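Please find below my notes on this model, arranged as numbered points.

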Amino acid sequence: MGKIINFGSLNIDWVYRVPHFVGPGETLSAEDRQRFAGGKGLNQSLAAARAGAQVLHVGRIGPDGGFLRALLEESKVDTRLLLQTQAPTGHTVIQVTPQGENAILVLQGANGCFTLQEMEQALEAASPGDWVLVQNEINLVPQLIQLAHSRGLQVAFNPSPMPQDLQTYPLDLVDLFLLNRGEAARLAGREGSPQALLDHLRQTYPGASLVLTLGSQGVLYRDARQTLCHAAYPTQAVDTTGAGDTFCGYFLAASLQGRPVADGLALASMAASIAISRPGAAPSIPVLEEVLRALSRQGTSL
């Protein structure tokens with residue numbers, strides 16, 4: 001079994017509970033503030049590791065980010081390529097409403113300090129069968145996709161947050177897209193039903209597999225051979241922050257473990273449903289044994 005090499009962001013999340021999202025010109029009193037470990041890269045590494053995958057995290061933190069390294073190591077993520085810089089650790093300001101919806105402001109910080117040489121050196125740790133996972137909260141993403149592909153590695157891309165110049169990226173080199181509906185529409189350059197978006201993206205990127213998460217409506221998957229869907233598991237939403245990252249990490253881990261795609265969708269969907277029932281991003285991500293027990297209670301045995 002190969003490993004996941006995640007070139008991923010690490011953030012300090014400041015979460016504010018608010019009655020509603022603050023509007024233009026509005027001053028709003030928050031009901032509470034908490035600090036959590038976050039960043040799409042960290043969340044996805046934690047999810048994949050807690051799902052049982054071997055994960056090597058390539059990242060950058062500032063002097064204030066030591067607790068993020070410790071959290072990764074507690075989940076048995078390899079952090080030998082997690083370096084400290086003088087730039088501050090990336091951070092987010094997250095508003096969470098009573099309905100569990102979130103609005104997020106991100107500062108890139110140390111996540112924007114990668115160099116091309118460092119990426120090339122990090123990929124020397126790759127072996128055949130490994131996946132390179134990348135989100136859009138670090139710099140040099142187009143170059144990384146090209147480097148990974150040139151070394152014969154499979155590339156999984158979660159293009160969040162969506163950049164204005166996404167169409168200039170070498171997207172034809174991506175092997176797996178992990179998208180929500182808004183990201184799929186931006187990538188397709190059009191609106192449409194989930195099925196129509198998948199149709200268009202399959203025509204545009206025929207070499208890639210596509211995962212389209214739809215929140216409470218479940219998830220769709222399409223590759224050259226099959227189209228699959230999986231319903232969302234019902235849960236009481238407390239905080240949706242990190243749910244998509246939990247899904248991504250679990251799904252990719254299941255793929256590396258050789259599980260059928262349908263099983264990967266079930267595992268990732270249940271893991272995400274558990275994550276949104278808890279506050280925070282990283283702390284809410286379940287371990288595999290908990291996910292399997294929850295599936296068993298639903299009558300699903302994997």
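1. Aspartate 223 is found in the loop between S12 and strand S13 (227-230), where helices (H or I, at least four residues) and strands (E, at least two) are DSSP runs numbered from the N terminus. Aspartate 223 is buried, its relative accessible area being 8%; buried means under 20% relative accessible area, exposed over 50%, and partly exposed in between, with a 1.4 Å probe and protein chains only. The side chain of aspartate 223 is joined to that of tyrosine 221 by a polar contact of 2.8 Å, and a polar atom of the aspartate 223 side chain lies 2.8 Å from the backbone nitrogen of arginine 225. A polar contact is here a pair of N or O atoms within 3.5 Å; within protein, one must be able to donate a hydrogen and the other to accept it, and residues adjacent in sequence count only if both atoms are side-chain atoms. When neighbours within four places in sequence are left aside, aspartate 223 is in contact with Arg202 and Ser209, contact meaning heavy atoms within 4.5 Å.

2. On provenance, this is a predicted model, in which local features need pLDDT of at least 70 and side-chain atom pairs count only at pLDDT 80 or more, whereas totals for chains, interfaces and linings use all residues. Residues are numbered from 1 along each chain as its sequence is written, and side-chain values use heavy atoms, with hydrogens and water left out.

3. The side chains of threonine 79 and glutamate 73 are joined by a polar contact of 2.6 Å, and, not counting residues up to four places away in sequence, threonine 79 touches His57, Arg69, Leu72 and Glu73. For leucine 83, with neighbours within four places in sequence left aside, the contacts are Gly59, Arg60, Ile61 and Arg69.

4. How do the axes of H1 and H7 cross? The axes of helix H1 (residues 40-50) and helix H7 (residues 243-256) come within 7 Å and cross at roughly 45°, where axes are lines fitted to C-alpha atoms, for helices over the stretch in contact, and angles run from 0 to 180 degrees between N-to-C directions. H1 and H7 are therefore oblique to each other, given that angles under 35 degrees count as roughly parallel, over 145 as roughly antiparallel, 65 to 115 as roughly perpendicular and the rest as oblique. The contact draws on Lys40, Asn43, Gln44, Ala47, Ala48 and Arg50 of H1 and on Asp245, Thr246, Cys248, Gly249, Tyr250 and Ala253 of H7. By class, the residues of this contact divide into 5 nonpolar, 4 polar and 3 charged, with Ala, Val, Leu, Ile, Met, Phe, Trp, Tyr, Cys and Pro counted as nonpolar, Asp, Glu, Lys and Arg as charged, and the others, Gly among them, as polar.

5. H7 also packs with helix H8 (residues 261-275), the axes coming within 8 Å and crossing at roughly 150°; H7 and H8 are therefore roughly antiparallel to each other. Among the residues that meet are Phe247, Tyr250 and Phe251 in H7 and Val261, Leu265 and Ala268 in H8. The contact of H7 with H8 has 12 nonpolar, 3 polar and no charged residues.

6. Most residues other than glycine have a negative phi, and most peptide bonds are trans. The peptide bond from serine 160 to proline 161 is cis, with omega near -5°, and proline 161 lies in the loop between strand S9 (154-157) and S10. Lysine 76, in the loop between helix H2 (66-74) and S5, has a positive phi near 65° and is exposed, with a relative accessible area of 73%. Leucine 140, in the loop between strand S8 (131-134) and helix H4 (141-150), has a positive phi of about 60° and counts as partly exposed at 24% relative accessibility.
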